[in-house]
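Have the coordinates open as you read. The paragraphs below go from charged pairs to a pocket, then to a surface patch and some backbone details.

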Amino acid sequence: MKPTYNKILNRQIKKYSNGKGIPEDLDPLLNSISEFYDNFERDQKLVERVMDLSSDELMDSNLELKKLNEEMDRFVYSTSHDLRAPLLSILGLLNIIENENTQYDIKGYLKLLRDSTVKLDRFISDIIDYSRNTRLDVNCVEVNFTSIIDESFKHLNYMPGCSTLLKLINIDDHATLYNDDRRLSIIFNNLISNAIKYQKPDIEDSFVNIEAEITATELKVEIEDNGVGIEEQYLDHIFDMFYRASPEAKGSGLGLYIVQETLEKLNGQIEVESTFGQGTKFTVTIPNMTLGA
Amino acid sequence: MRVEQRQWNKNDGWQILSNLKLRAKAQLVFVFGSTDLVQDQHLFDEVRSIYPKAEIVVSSGSGEIMAGKVAQHTLNVTALHFEKTKIKTLEINLEDVKDSFDVGAHISAQIEKDGLSNLMIFSNGNQINGSHLLTGLQFNLSEAVPITGGLAGAYDPFSSTYTGLNAIGTEGKVIGIGFYGEDLKIGHSSKAGWTPFGPERFITKSTNNILFELNEEPILDFYKKYLDGLFEDMVEAIRIYPLGIKTDNGHERLLRAFLDYNTENGGALFAGDMPEGARVRMMRSNVNSLIDAAGEAASSSTQPFEIQKPDLAICVSCVGRQFVLQDWVNEEIEGVTDIFGEETPMAGFYSYGEIAPQAPNQKSALHNHTMTITTFKELV
């Protein structure tokens, strides 16, 4: 049987032996040369692949760094801005109190001082939530979802409009939920507080309706309100960092961004439907984990 | 120091390579051979009757190195007579102690340390964790005492290996030889001839010598990205591209030979520890650079130690090199002979792990994929 050599070696043999072929006793030599050709070609392919993969990795990490850098830029700009605003109003109020006649209603000023301080505190809490989510690993435990929602309302009870808001909660649990309870709290605190914050001022039957279903594979929660709604043009941006859909928006601009980032850690998803002037519905789906995941 | 050598194979029986009539004057005899021959009681008895007073150190290999050639299915006997140097030997059985570290710790504790200038180790290759053995050896021993030698080998990958002291080779034994006095110069060198390629990765999940993840990516996925499609058998492919651990010693990397992949737990078995947090890159080589490295090992086992012409060179090369060299194994030994000259006696074997300091005056380490040479020169 005629031995099969590497393609280029076959060509070389044909070319330089003028088609006469090579004596059989040279087979071991040619086999050895052929194997080196094969290995050389394979090594070349390997090096090309290494270079391709490394270049892709470099591009990816560059993009990632760019994104982080932009976020950091926006973060520094917005935080300094947002941290300063309530401080300036506190300083202004302190000036007034110092210069005003003491008979004036100090209590009213103190309330304004408190409002500014609460705003500052909320903003800083949001930043802490954000940084906690980026830094900490997912900690999976058995979760009582009803108590997560209850705790959220309890926590948000001091917010104006919370007590008068009609709360409809329906939780169908067909399976035990395993997940990261702290992260779930962050997500639903934010979504519920939005429903409280953005009620329509001119109606009395404001509601938030929470429908949850827990199965062995996932947790699905719909949070629907009849609040002010979001204009269609802004819908694509509401999950961006420091994005506020309107000048009247009262929050830090971090809330939905944190929800999105936290969901990413839990491999969850969020969808939003909204009609301006009629209300908003968020649908959250999160995979049910197993213990130790 | 005088050295005489003989070789046995089934067809020709004993071949005398050099005869200085050492007989009862021989103090130390190295017996390296195939796994079946080192277990042959009759052959051992013959060696014993020729060298009635010597300490006989036996080790199996996955190929035998003798007189400038690589052979298989032979038994190779190298007898040494020292004029002034004293030696002491001891053997620890893995079964009698807790683990590989403990084997090393026992040897380093029990070996006489006054005037100890060098320690040679010949260890079982398949039951002993070589990295732990070395940590144990260094536990009770000054770093100034170089440790050289290797783990025994076998022709079939992962099968049993055999070592023995004054007895035929058996499983689970580790033998230490201490050399004493200032009249014996001992040189050593360990060279691989491999170069790193591809990105640097961190070991993020491993247990001893089983590696699971690099940068949190399963080890097989990592290799597949690079090697899929270029090779038919992924396990064989990974053997050609082992990993090199970054060390403090400049660009030199500590090579780790890939042995096998466990599909059940996703673990890749390496021939030495793969500590979490260590930085690794894939390594590649070719026949030329392996042969050149063997020659470099020969030069650097003599020059820095001011040894002109060694009386004896013990060569421990890696099974993984055989895998790349294939038909060219003899050429790597020729590379060594070219440096020492044909008259220098040489003996050794292909091993599951080589032991030597990474460089002169450095701590000894377990290597893979290297040619590791220990040279002897007695000043008389």
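Is K225(B) buried, partly exposed or exposed? K225(B) is partly exposed, because its relative accessible area is 29%; buried means under 20%, exposed over 50%, and partly exposed in between, with a 1.4 Å probe and protein chains only. This is a predicted model, in which local features need pLDDT of at least 70, side-chain atom pairs count only at pLDDT 80 or more, and totals for chains, interfaces and linings use all residues. Residues are numbered from 1 along each chain as its sequence is written, chains are lettered from A and ligands numbered from 1 in the order in which they are written, and side-chain values use heavy atoms, with hydrogens and water left out.

Start with the salt bridges. Over all chains there are 14; each is a side-chain nitrogen of Lys or Arg within 4 Å of a carboxyl oxygen of Asp or Glu. K225(B) pairs with E57(A), with 4.0 Å between the closest N and O atoms. K225(B) sits in helix α5 (residues 219–227) of chain B and E57(A) in helix α2 of chain A, so this pair joins two chains. Helices (H or I, at least four residues) and strands (E, at least two) are DSSP runs, numbered from the N terminus. E57(A) is partly exposed, at 27% relative accessible area.

A second pair lies in chain A. R183(A) and D180(A) meet in a salt bridge at 2.7 Å, N to O. Both ends are buried: R183(A) has a relative accessible area of 4%, and D180(A) has 3%.

In chain B, K185(B) bridges to E306(B) at 4.0 Å, N to O. The pair links distant parts of the chain, 121 residues apart: K185(B) is in strand β13 (residues 184–191), E306(B) in the loop between α7 and β22 (312–318). K185(B) is partly exposed at 24%, whereas E306(B) is exposed at 61%. Elsewhere, salt bridges with shared partners join E57(A), R201(B), E217(B) and K225(B) into one network.

Now turn to the second largest pocket. Its volume is about 760 Å³. A pocket is an open set of points on a 1 Å grid over the protein atoms alone, where a 1.4 Å probe fits, with protein on both sides within 12 Å along at least five of seven lines; lining residues have an atom within 4 Å of a point. The volume is the space filled by probe spheres set on the points, which are joined across faces, edges and corners. The lining has 28 residues, with E35(A), N39(A), R42(A), V287(B) and V324(B) nearest the centre. α2(A) gives the most, 10 residues. From chain B, α6 (234–240), α7 (287–300) and α8 (319–325) each supply at least two. The lining divides into 13 nonpolar, 7 polar and 8 charged residues.

Helix α2 of chain A also holds L29(A), which is partly exposed at 47% relative accessibility. L29(A) forms a nonpolar surface patch with I22(A) and L26(A), about 220 Å² of accessible area together.

Finally, the backbone. Most residues other than glycine have a negative phi. K21(B) has a positive phi of about 50 degrees. K21(B) lies in the loop between β2 (13–16) and β3 (28–33) of chain B and is exposed at 61%. A67(B), in the loop between β5 (64–66) and β6 (69–71) of chain B, also has a positive phi, near 50 degrees.

Terms used:
Ala, Val, Leu, Ile, Met, Phe, Trp, Tyr, Cys and Pro count as nonpolar, Asp, Glu, Lys and Arg as charged, and the others, Gly among them, as polar. Patches are made of residues with over 30% relative accessible area and no salt bridge: like charges are joined within 9 Å, nonpolar side chains (Val, Leu, Ile, Met, Phe, Trp, Tyr) within 5 Å. Accessible areas come from the Shrake-Rupley method with a 1.4 Å probe; for residues, only the protein chains shown count as cover.
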